[in-house]
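Here are a few exercises to work through with the viewer open. Try each task yourself before you read its solution.

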Amino acid sequence: MTDAVKKLHIKTYGCQMNVYDSERMAEAMGAKGYALTDDPAEADMVLLNTCHIREKAAEKVYSDLGRLRPLKDAKPDLKIGVAGCVAQAEGEEIMRRMPLVDLVVGSQAYHHLPKMVEAVERGERPVDIEFPVEDKFEHLPERPMAARPTAFLTVQEGCDKFCAFCVVPYTRGAEVSRPVERILGEAQKLVAKGVKEITLLGQNVNGYHGAGPEGVWGLGRLVRALAEIPGLERIRYTTSHPNDMTDDLIAAHGEEPKLMPYLHLPVQSGSDRILKLMNRKHTAEAYLRLVERIRAARPDILLSSDFISGFPGETEQDHRDTLALIAAVGYGSAFSFKYSPRPGTPAADRSGVDAETADRRLQELQALISRQQHATQEAMVGREVSVLFEKPGRLPGQWIGKSDYLHSVFVAAEGPRQGDLVRVRITSSAQNSLAGELL
Ligand code: 5AD
Ligand code: SF4
């Protein structure tokens with residue numbers, strides 16, 4: 001490299017898949033001489049890796065781009081790129097509305113990014129929002145040294161479920177699973193670099209059906225094969241659809257100690273009528289039976305979910321059905337969102353619930369979920385859990401890690417302990433974390 005190191009600032013919005021994608025783009029740009037910076041003011045290139053799931057997330061991109069204007073005025077060479085699902089969905093519009101944007105790269109074209117930056121250097125404004133036949137991950141450079149104990153690994157992308165509210169099938173495309181050997185190879189390399197916990201990612205991760213030795217593998221088989229990698233201590237996966245929880249995957253929760261006892265299993269609503277309008281293809285009752293089977297396999301598992309309040313047509317009774325489902329399941333944590341109409345989705349044209357009602361229902365969902373979260377955390381006090389130390393806490397001699405159940409746990413521990421997997425007794429519970437002592 002002849003020129004001095006250039007600086008790249010990436011802002012990541014939305015989901016964990018974007019976090020993984022941002023890392024892979026950073027690596028691709030690293031090969032072009034760009035080093036990461038946290039400070040957009042000192043960057044030679046700013047890349048926004050965007051999320052289109054709800055209107056607020058998508059609109060944020062335009063206001064953030066507006067805020068980059070003074071930086072670009074002060075430094076005309078500054079390159080500004082938009083990646084991710086807003087890029088995928090509104091690429092041409094971004095270029096029209098935002099003249100300061102130099103390039104738009106959709107979520108399946110990240111391996112083209114270095115070439116696109118060269119095009120910008122030639123004075124072009126490239127837009128690439130195709131779904132190429134080749135797999136971007138196989139054309140991105142290998143992941144360099146990751147000095148940390150946890151990592152994401154995307155195993156599947158896209159979604160064929162077409163829930164009536166959701167843009168993912170349009171922005172991320174059809175379901176594609178990466179081949180087994182590639183995933184095992186990437187996992188082995190991560191472990192060789194010190195990673196002890198891998199979270200397998202996919203928009204519909206439990207729909208994984210990758211080409212493997214002896215035919216197509218499901219997620220359960222993939223998890224069991226990953227669990228055989230020495231040094232890999234913990235496996236998680238997210239996000240799952242209830243209809244794709246196979247017997248084998250459920251059994252793996254009971255049989256494979258490395259598979260952590262926490263499962264994000266979105267149900268969206270507790271009303272059969274709304275589930276039907278959402279095109280979810282399962283009932284509340286089927287979900288509750290599924291939860292029973294999962295708990296029969298792994299009784300201590302903590303469950304989490306996503307809920308949408310104010311979906312078009314939702315009545316007070318539908319809302320009460322959702323509250324009843326939450327009460328029946330008892331979640332460790334859960335996310336709830338106010339319905340946001342997304343252009344191009346089937347529900348977008350249906351008339352929605354008025355904002356005030358949707359807000360009130362959202363608050364009721366959140367209040368119940370937060371009581372359950374509190375109760376679940378309180379129930380951990382006095383119990384022994386394993387904690388993987390990720391980073392030092394704010395107080396001296398304090399480390400923060402995650403328990404098997406994905407709780408953040410603060411522990412007094414001296415010295416450099418990153419990556420240590422320790423036994424801890426939980427001593428107290430706070431708002432969104434636990435405290436514990438080393439055993
Ligand atoms: N409005 C509100 N919430 C949505 N989600 C997806 N699409 C929408 C939408 N249009 C939520 C779902 C999903 C989570 C990732 O985001 O609950 O599980
Ligand atoms: Fe969107 Fe998830 Fe439904 Fe797929 S399963 S359409 S990603 S909400």
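**Exercise 1.** Find the polar contacts of ligand 1 with Arg-54, Phe-165 and Asp-306 in this predicted model.

*Solution.* Start with Arg-54: one of its polar side-chain atoms sits 2.8 Å from an oxygen atom of ligand 1. Next, go to Asp-306, where a polar side-chain atom is 2.6 Å from an oxygen atom of the ligand. Then turn to Phe-165, whose polar backbone atom lies 2.9 Å from a nitrogen atom of ligand 1. Finally, look at the cover: ligand 1 taken alone exposes 400 Å², and the protein buries 87% of that.

**Exercise 2.** Describe the shell around ligand 1 by residue class and by strand.

*Solution.* Begin by listing the neighbours, which include Ile-53, Gln-268, Ile-308, Tyr-339 and Arg-342. Sorting the shell by class gives five nonpolar, two polar and four charged residues.

**Exercise 3.** Work out which strands stand at the edges of the six-stranded open sheet.

*Solution.* First trace the order, β2-β1-β3-β4-β5-β6, with parallel pairing. β2 (34-36) and β6 (127-128) each have a single partner strand, so they stand at the edges and one side of each lacks a neighbour in the sheet. For a look inside the sheet, take β3 (residues 45-50) and β4 (residues 79-83), a parallel pair with five bridges. Here Leu-47 is opposite Gly-81 in β4.

Terms used:
Residues are numbered from 1 along each chain as its sequence is written. Chains are lettered from A and ligands numbered from 1 in the order in which they are written. This is a predicted model: local features need pLDDT of at least 70, side-chain atom pairs count only at pLDDT 80 or more; totals for chains, interfaces and linings use all residues. Side-chain values use heavy atoms; hydrogens and water are left out. Two strands pair if DSSP finds at least two bridges between them. Helices (H or I, at least four residues) and strands (E, at least two) are DSSP runs, numbered from the N terminus. A residue is near a molecule or strand if one of its heavy atoms lies within 4 Å of it. A polar contact is a pair of N or O atoms within 3.5 Å; within protein, one must be able to donate a hydrogen and the other to accept it, and residues adjacent in sequence count only if both atoms are side-chain atoms. Accessible areas come from the Shrake-Rupley method with a 1.4 Å probe; for residues, only the protein chains shown count as cover. Ala, Val, Leu, Ile, Met, Phe, Trp, Tyr, Cys and Pro count as nonpolar, Asp, Glu, Lys and Arg as charged, and the others, Gly among them, as polar.
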